[in-house]
Amino acid sequence: ASLQERLSLSDEHLRKVVVRNPSVLHLSFESNISPSLAALQERLSLSDEQLRKVVVALSSVLSYNFDSNICPSLDALQDRLSLSDEQLKKVVVSLPSVLSYSFESNIAPKLKFFQEELGL
């Protein structure tokens, strides 16, 4: 299996993924990419189409470690905003770049600012 086959990527989408994140060429599909894709898809109950959309929009997600990078950020975001699983999925599919932000150093301070400014 390959990344293109797994995500049913068109040649154009595959080109975008590789151009945006050339390091993906150095990762093992079987050892690195496939397990992370499966974990992300399972955690958010993403359809194949939604997973493809996330990867094409944020190709760097392919080089993130799910257990140490993605999962803790998803858990913190979900907990802090009291999001249901479906709402969390909607956030990630609508704004895949949220997966690239550190919750503690990026998202949490912004949430705190808005909560204080808006009295939430």
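Colleague: Does F103 count as buried or exposed, and why?
Modeller: This is a predicted model, in which local features need pLDDT of at least 70 and side-chain atom pairs count only at pLDDT 80 or more, while totals for chains, interfaces and linings use all residues. Residues are numbered from 1 along each chain as its sequence is written, and side-chain values use heavy atoms, with hydrogens and water left out. Buried means under 20% relative accessible area, exposed over 50% and partly exposed in between, with a 1.4 Å probe and protein chains only. Because its relative accessibility is 7%, F103 counts as buried.

Colleague: In which helix is F103 found, and which residues does F103 touch?
Modeller: Helices here are DSSP runs (H or I, at least four residues), numbered from the N terminus, and F103 belongs to helix α7. With contact taken as heavy atoms within 4.5 Å, and leaving aside residues up to four places away in sequence, F103 touches S73, A76, L77, R80, A108, P109 and L111.

Colleague: F114 is also found in helix α7; how does F114 count, and why?
Modeller: Helix α7 spans residues 103-118 and contains F114. Since the relative accessibility of F114 is 47%, F114 counts as partly exposed.

Colleague: Which elements do the buried residues of α5 pack against?
Modeller: Helix α5 covers residues 66-81, and its buried residues are F66, I70, C71, S73, L74, L77 and Q78. These buried residues of α5 pack against α3, α6 (85-94) and α7.

Colleague: Which residue with a positive phi follows α5?
Modeller: The phi of the residue that follows α5 is near 50°. That residue is S82.

Colleague: Which residues touch the most other members of the largest nonpolar core?
Modeller: A nonpolar core is a set of buried Ala, Val, Leu, Ile, Met, Phe, Trp, Tyr and Cys residues joined through side-chain atoms within 4.5 Å. Of the 34 residues in the largest one, those touching the most other members are L3, L40 and L99.

Colleague: Which elements give two or more residues to this core, and which residues does L40 touch?
Modeller: The elements giving two or more residues to this core are α1 (3-7), α3, α4 (48-57), α5, α6 and α7. Not counting residues up to four places away in sequence, L40 touches L46, L51, V54, V61, F66, I70, L74 and L99.

Colleague: Why does S36 count as buried, and which residues does S36 touch?
Modeller: S36 lies in helix α3 (residues 29-44), and S36 counts as buried because its relative accessibility is 15%. Apart from residues up to four places away in sequence, S36 touches Y64 and F66.
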